[in-house]
Amino acid sequence: MGFIVPTQEPAPATGLAAGDTIQALSMEDLLLRDRFLFATRRRLIASLPAVTTTTSASYQVAYGFQAKLLPTSTGTLIFGFVVNGDASVKVTAGASTATVTSGASNSRIGVVTGVSVGSWFGVTVEVKSNTGAPLTIKGIYIAELVLTDADLP
Amino acid sequence: MGWFKLDDTLTVADEPLSAFLGYGLTRNVNAYPSALRRLGTFAYPTTSAGAAKVKWASYYEPIGTVLTVDVGINATDFVFNVFYRTTNAAIGGKLYVRHLDSGAQVIVNVAGTASPTSVEIPFTTTQPLSGLQGFYVAWQSDVSEDGVGSVELAGAVGNQVFCEPAGGAYPFSLATGYYEMYHLLKIQPAVTRPAPVARALLDYQVCAFRHNVNAARPPHGVLLIWPEIEIHPAILPTSETAGGGAKPLGDLYELGRLELYSITVEVARALDQGLQAPLAYQQTTIINGLNNQINASMMELQPDAGSLLTSDGYLGCVLPAGQQATFAFFIQTERSVQQLLVSFQCVTFNGDQSNSPDITFSVRDDADTAVGTDITYTEVSVPRIEAKTTRRQNAGATVYMNGVLAGDSNWGMRDAMPSWEATYSTPVRFTWGPNLEGEIEQGTNGSTGTVYYGRITATSDLYIFGFNCRVY
């Protein structure tokens, strides 16, 4: 039997009340639930509020903050945003950078890899409009990437 | 790390399989609080040049804001990482972190710095905390040793001190009309008149300066101060007398002003939960208890979808009537049932509007299409922060809330609130959902159309703080 992280949250195990005969299926539900919870409950790093870009074609610093990953993190951040036009968002975490361009009124998700684990690092979020007009980014969500089967000990 | 794959290393000799599983699972569940310690970031918008918009200066008492932090389970030790700089590189102040429920607080001295830097503030609670907790993070300014100069005083009323330049020029650079200041005005006792009340105040924080820009008129100026003269009467002359000799003077000193970029809160330590991890066969109900534990701990283990709302650079969120406060989120894991639990604190402050507004929470996709069902609470009774002075300034003053007056970016205590205003507010909670499976799609690297945004609207101006959204 492979060591898997369920893609969906398993239903709570049943048949485990005092006096019940414990069945193998119930125990498996508990095991799957345990893996699922640990692998998917990753740190929220930041929920950044809405910001409006300028008309400039150059990046502008929108946010700067410090963050720290869980010791069990893979060192990868995942970030997403919603914007009402073609805009770019650049996230720099420590020495690593990732840029995502929406291309149109859209929502996009990107990742930053190679982030240090267990120590404070600086995060800078830069934004720019690619249309020459101010665009409103409804918010930027940054979290640790959830774990996979291969990441679990 | 505190979480373990269940393998042969956990096996005790002659241990039944059920006991092996029970033991391993119990140990893992116990480890959730420490293995899944949380972190929350409160980052505030900067200008294109990277300068912080949130600026605090306070002389009398620490002022700041309330942060609602999801601390997870049994958190005992925290680290508050404050990323900041000061307007004057030579003048700092003190940072306060206070747990609202217990009143426990720590104070650290912070040096002035011209370049952005961070300071870590350790905070240990007297008892383990779980779930959403309110912390008041505040700033109290140091005062410059040397004065910047003096002004001639010509009277005072409300929150206004009328002045003229001493020696022909003001001891600060004049900007047009009305602008922000962060100074201490010390009225010289030697020139005072008989006091209207005993122990009258002689020191006032100057939060703004307004002056006559018409060259054909005298260069009168108005120092807008806090607290107000009428609450703490100063010993001031009522006017300059024609033959009265020298005019009284007031000396100005600079206050340390914090320019805030962000506050990050990490749960540094959490206690293991109460479940013991003996050999399972020693407890006949351990499997049932374990089952309950995993289910019961779900609430504290739910991921956060949002921790902050601001608008236009204001700390907290001044939400004008009819406009939207938004935050983006996505889910990394499919769920059979998807719900959002939204909570925040709010007050009303606009005396021309109802303090029983309708408040709506909704979710939209990137095409602005409604997802799920909008929720509206009608005629929510929201406390109103009243004016602190009887004389309001059109361009901003100590009316409504300190510096949280919508549209006022020229106030030396802006973006900050006294702690008592936090306890005066109304908590608002929305439970959005449940929704059909797949209605909110899973978001992965490179995907499009899988980030959604929540939005709050109201029919009266609101000041929102302590925001949190949890997805489950």
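Biologist: What share of the 472 residues in chain B is made up of buried residues?

Modeller: In this predicted model, buried residues make up 45% of the 472 residues in chain B. The secondary structure of chain B comes to 4 helices and 24 strands. Of the contacts in chain B with a separation of 6 or more, 79% are accounted for by residues 24 or more positions apart.

Biologist: How is the packing of two helices described?

Modeller: One gives the angle between the two axes and the distance between them. Here, helix 1 of chain A (residues 24-40) packs with helix 1 of chain B at an angle of about 20 degrees, and their axes are 11 Å apart. Angles under 35 degrees count as roughly parallel, and helix 1 of chain A and helix 1 of chain B are therefore roughly parallel to each other. The crossing of helix 1 of chain A with helix 1 of chain B is left-handed.

Biologist: Which residues make the contact between helix 1 of chain A and helix 1 of chain B?

Modeller: From helix 1 of chain A come Met27(A), Leu30(A), Asp34(A) and Phe38(A), and from helix 1 of chain B come Leu21(B), Leu25(B), Asn28(B) and Ala35(B). These residues divide into 6 nonpolar, 1 polar and 1 charged.

Biologist: What span should the 17 residues of helix 1 of chain A have?

Modeller: The expected span is 1.5 Å times one less than the number of residues. For the 17 residues of helix 1 of chain A this should be 24 Å, and the end C-alpha atoms are 24 Å apart, which agrees. Among the buried residues of helix 1 of chain A are Leu30(A), Asp34(A) and Phe38(A).

Biologist: Is Val29(B) buried or exposed?

Modeller: A residue counts as buried if 20 or more other C-beta atoms lie within 10 Å of its own. Val29(B), in helix 1 of chain B, has 25 C-beta neighbours inside 10 Å and so counts as buried. Val29(B) and Tyr204(B) are 175 residues apart in sequence, and their C-alpha atoms are 55 Å apart in space.

Biologist: Which value of phi does Asn74(B) have?

Modeller: Phi of Asn74(B) is positive, about 55 degrees, although Asn74(B) is not a glycine. Asn74(B) sits in the loop between strand 3 (63-70) and strand 4 of chain B, and counts as buried because it has 20 C-beta neighbours inside 10 Å. Asp368(B), also a residue other than glycine, has a positive phi near 65 degrees. Asp368(B) is placed in the loop between strand 20 (359-364) and strand 21 (370-377) of chain B. With 12 other C-beta atoms within 10 Å, Asp368(B) is exposed.

Biologist: Which residues is Gly110(A) in contact with, leaving aside its neighbours within four places in sequence?

Modeller: Gly110(A) is in contact with Phe79(A), Ala98(A), Val100(A) and Asn445(B). Gly110(A) belongs to strand 7 (residues 105-112) of chain A, and its 19 C-beta neighbours inside 10 Å make it partly exposed.

Notes: Residues numbered from 1 in each chain as written. Chains lettered and ligands numbered in written order. Predicted model: local features only at pLDDT ≥ 70, side-chain atom pairs only at ≥ 80, totals over all residues. Axes fitted to C-alpha atoms, helices over the stretch in contact; angles between N-to-C directions. Helix = DSSP H or I, 4+ residues; strand = E, 2+ residues; numbered from the N terminus. Parallel < 35°, antiparallel > 145°, perpendicular 65-115°, else oblique. Left-handed = near helix turned anticlockwise from the far one by under 90°. Contact = placed C-beta atoms within 7 Å. Nonpolar A, V, L, I, M, F, W, Y, C, P; charged D, E, K, R; others polar.
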